[in-house]
Amino acid sequence: MERWTGKVAVVTGASAGIGAAIAAELVRRGLRVAGLARRVDKIQELAQSLTDAPGTLHAIKCDLSKEEDILSAFSQIEELGGVDILINNAGVLFESLLSQGSTVEWRSMWDVNVLGLSICTREAFRSMRERQQDHGHMIHINSIAGHYDVGKEGMHMYSATKHAVTALTEGLRRELVALHSNIRVTSISPGLVETEMFLVGMESIDAEELYSKWPSLKPQDIADAVVYVLGTPPHVQIHELTIKPVGEINL
């Protein structure tokens with residue numbers, strides 16, 4: 001990780017859960033982190049708790065469902081020196097049936113989980129290429145739901161967005177190969193993680209009871225995985241990393 005000291009990492013959805021854990025861990029590793037989220041006050045609070053760390057956390061207000069917000073955020077990131085690492089972590093989950101679900105909820109998931117991720121990827125790539133940063137790294141926080149049917153009614157639209165992330169990861173990798181670029185791209189697919197997103201999104205499940213009964217991961221487990229992926233030698237690309245708690249079941 002030493003080669004990343006002082007470099008700029010962008011973490012979307014950095015106000016809570018996995019994003020906050022990743023942002024904090026990278027700051028502890030000496031990186032300058034741009035944390036993007038709507039609840040910018042939460043990132044500012046996290047930054048205050050990290051004042052003794054060797055890196056810094058910069059809070060940037062951004063609604064990942066709005067392209068104008070993303071473009072504004074990346075303009076501010078250029079003032080920090082441009083993007084070296086992108087962690088596409090922001091995600092939205094609604095338990096919504098295909099037969100009678102809400103279009104608003106469906107659109108929200110696609111806008112953030114797929115389009116927001118894609119716009120951030122495009123802008124990060126532009127920043128890297130313009131600065132001739134050919135050893136950058138882009139990491140998509142995916143899900144096991146992006147690889148198979150998790151078997152829970154109401155999860156299928158969310159799963160579809162994560163299947164899209166799986167396809168986009170491979171598509172981006174192929175584009176980078178065609179461009180003779182050394183920029184790396186990684187998909188990290190966790191199983192059940194104790195996060196605010198799950199607590200809010202799963203209305204039919206008592207998530208707190210679920211966490212007490214079934215094995216789950218902590219946000220820090222995913223942050224540790226990000227550090228592992230970033231710490232591999234420049235010629236090594238972890239294309240897909242699946243992480244599950246021991247004894248996990250399908251929901």
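## A buried threonine

At 0% relative accessibility, T186 counts as buried, because buried means under 20%. This is a predicted model. T186 sits in strand β6, which covers residues 184-190.

What does the side chain of T186 join through a polar contact? The partner is the side chain of H137, at 2.9 Å. Leaving aside neighbours within four places in sequence, T186 also has contacts with M138, I139, H140, T169, V229, I238 and H239, besides H137.

## The sheet

Strand β6 is part of an open sheet of seven strands. The order is β3-β2-β1-β4-β5-β6-β7, and the pairing is parallel. Which strands form the edges? They are β3 (56-61) and β7 (240-243), and each pairs on one side only. On average, neighbouring strands of this sheet are turned by 15° against each other, direction ignored.

Helix α1 (residues 17-28) packs on this sheet. The strands that α1 touches are β1 (8-12), β2 (32-37), β3, β4 and β5. The direction of α1 makes about 165° with that of β1.

## Strands β4 and β5

Strand β4 spans residues 85-88 and runs parallel to β5, residues 137-141. How many bridges join β4 to β5? There are four. Across this pairing, I87 stands opposite I139, and N88 stands opposite H140. Strand β4 also runs parallel to β1, with three bridges joining them. There, A9 has I85 of β4 as its bridge partner.

In a regular strand the side chains alternate between the two faces of the sheet. In β4, I85 and I87 lie on one side, with L86 and N88 on the other. All four are buried, and both faces of β4 are covered. In β5, H137, I139 and I141 point one way. M138 and H140 point the other way. Five of the five residues of β5 are buried, so β5 is largely enclosed by the rest of the structure. H137, the polar partner of T186, is one of these buried residues.

## Helix α8

Helix α8 runs from residue 219 to residue 231. Its 13 residues should span 18 Å at 1.5 Å a residue. The end C-alpha atoms are 19 Å apart, which agrees.

Which residues of α8 are buried? They are P219, I222, A223, A225, V226, V227, V229 and L230. What covers the buried residues of α8 includes α1, β4, β5, β6 and β7. V229 in particular is in contact with T186.

## Helix α4

Helix α4 covers residues 103-130.

At the start, a side-chain oxygen of S102 reaches to within 3.2 Å of the backbone nitrogen of V104. After the helix comes Q132, whose phi is positive, near 55°.

Definitions and conventions:
Residues numbered from 1 in each chain as written. Predicted model: local features only at pLDDT ≥ 70, side-chain atom pairs only at ≥ 80, totals over all residues. Heavy atoms only, no water. Helix = DSSP H or I, 4+ residues; strand = E, 2+ residues; numbered from the N terminus. Expected span 1.5 Å × (residues − 1). Polar contact = N/O pair within 3.5 Å; in protein donor to acceptor, adjacent residues only side chain to side chain. Buried < 20%, exposed > 50% of the residue type's maximum accessible area, 1.4 Å probe, protein only. Contact = heavy atoms within 4.5 Å. Pairing = 2+ DSSP bridges. Axes fitted to C-alpha atoms, helices over the stretch in contact; angles between N-to-C directions.
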